[in-house]
Amino acid sequence: MDFTIPHDTQLMLDLIQEFMEKEVYPLEQHFLNEPPEVFQPRLDALRKKVKQMGLWGPAQPREYGGLELPLTDFALVSEILGTSPLGHYVFGTQAPDAGNIEILHKYGTPEQKERWLRPLVEGKIRSCFSMTEVEMPGSNPIYMETTAVKDGNDYVINGQKWYTTAADGAAFAIVMAVTNPDAPPYQRATMIIVPADTPGFDIVRNINIMGHKGGGYFSHAEILYHSCRVPQSNLLGPEGAGFRIAQERLGPGRIHHTMRWLGVARRALNLMIEYAARRPIAPGQVLADKEIIQAWIAESAAEIEAARALTLQTAWRIEHLGWKETRQEISMIKFLVANTMQKVVDRALQVHGGLGMTDDTILAYFYRHERAARIYDGADEVHKVSLAKRLLRPYREVMEAGRKVLQ
């Protein structure tokens, strides 16, 4: 596996890094302290600059105005964008839109692509992905209560969803609902496009996340689908294929997430180093003189590089072998990188002391919002158990064969 970065890619990465440092990082204090409706014009201005620079939509289809970078190249971009909570949004490659674009591009009808995909890639509208349910175990998605029942030429959707990221202000949702309750477990659910102005699509609230409910793109909604009627032409992909499509969406999506988390970790490490190097603790002494601080810095740097190497290898394998052949590595990076990020952010916050608890730096935001990395897209424990079962399977098969011989 050759991870040499092509010259043109490196130039792009350098340009994006410079833009993040000069344009995006200074905007974070406005983001943390201004209401969403006041802050949004600042974001829109930066998005316009990115488009003018020809860097819009790094992962999006070229035919719709994106750059359509290979997965490994986009992984490197995602790492840089992840150093700020604003990065992916400013460059038009934010979740959940990025994942929705992937499945619309692959499974959407020509009419769906023209109505929803094109303006989504262009950044003229936003979308959301409605899957998680309040009373159902998110770690086992075959359990789902939301239903879509055929009535004439329509589907009538009823159910309750939550943690629907960015629903506030979205133009449409892609909803997972049970259409075939008597089918095998993984063939029961279907993806359906629901315009946000459809009667019966009701945003109940933006959920408070550790005391912050956010707004606009930076929010997570609870949604009630109450006799929500949409035409059957809004079906996305084959009926009953919802789980299969979701897995296709999640494979590359985990690369996007984990490289973003590595960006968070790297930013936290840099903030830790900068602060420790200048924070006085006694005459002629700074925090960086303490061996425990030096150990935290060294451990964090090593852990980030190790997690990064595994993530890039996983991206390469997905790109060359497919996500099915890379399931073990995908499970590994999900819990390894999430925990690495959390440890580094925690150390950086500890080094900053009382300052780290405030919104005078971005660390407290990372601490609040990135703790969920160990939960969403499959809790750590689910990935660990799944990985362990796959690793144990050949040994158990040998033992079982041996027992049969002895019998």
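Modeller: Two packed helices are described by the angle between their axes and the distance between the axes. Here helix 1 (residues 7-24) packs on helix 3 (residues 36-52) at about 155 degrees, the axes lying 12 Å apart. Helix 1 is therefore roughly antiparallel to helix 3 (an angle over 145 degrees). The model is predicted: local features need pLDDT of at least 70 and side-chain atom pairs pLDDT 80 or more, while totals for chains, interfaces and linings use all residues. Residues are numbered from 1 along each chain as its sequence is written, and side-chain values use heavy atoms, without hydrogens and water.

Colleague: Which residues of helix 1 and helix 3 make the contact?

Modeller: Helix 1 contributes F19, E23 and V24, and helix 3 contributes L46, K49 and V50 (contact means heavy atoms within 4.5 Å). By class, four residues in this contact are nonpolar, two are charged and none is polar. Helix 1 passes helix 3 in a right-handed crossing.

Colleague: How many disulfides does the structure hold?

Modeller: A disulfide is a covalent bond between the sulfur atoms of two cysteines. The structure holds zero disulfides, the criterion being a pair of cysteine sulfur atoms within 2.5 Å.

Colleague: Is C128 buried or exposed?

Modeller: C128 is buried, at 0% relative accessibility (buried means under 20% relative accessible area, with a 1.4 Å probe and protein chains only). C228 is buried too, with a relative accessible area of 0%.

How values were computed
Buried < 20%, exposed > 50% of the residue type's maximum accessible area, 1.4 Å probe, protein only. Axes fitted to C-alpha atoms, helices over the stretch in contact; angles between N-to-C directions. Helix = DSSP H or I, 4+ residues; strand = E, 2+ residues; numbered from the N terminus. Parallel < 35°, antiparallel > 145°, perpendicular 65-115°, else oblique. Left-handed = near helix turned anticlockwise from the far one by under 90°. Nonpolar A, V, L, I, M, F, W, Y, C, P; charged D, E, K, R; others polar.
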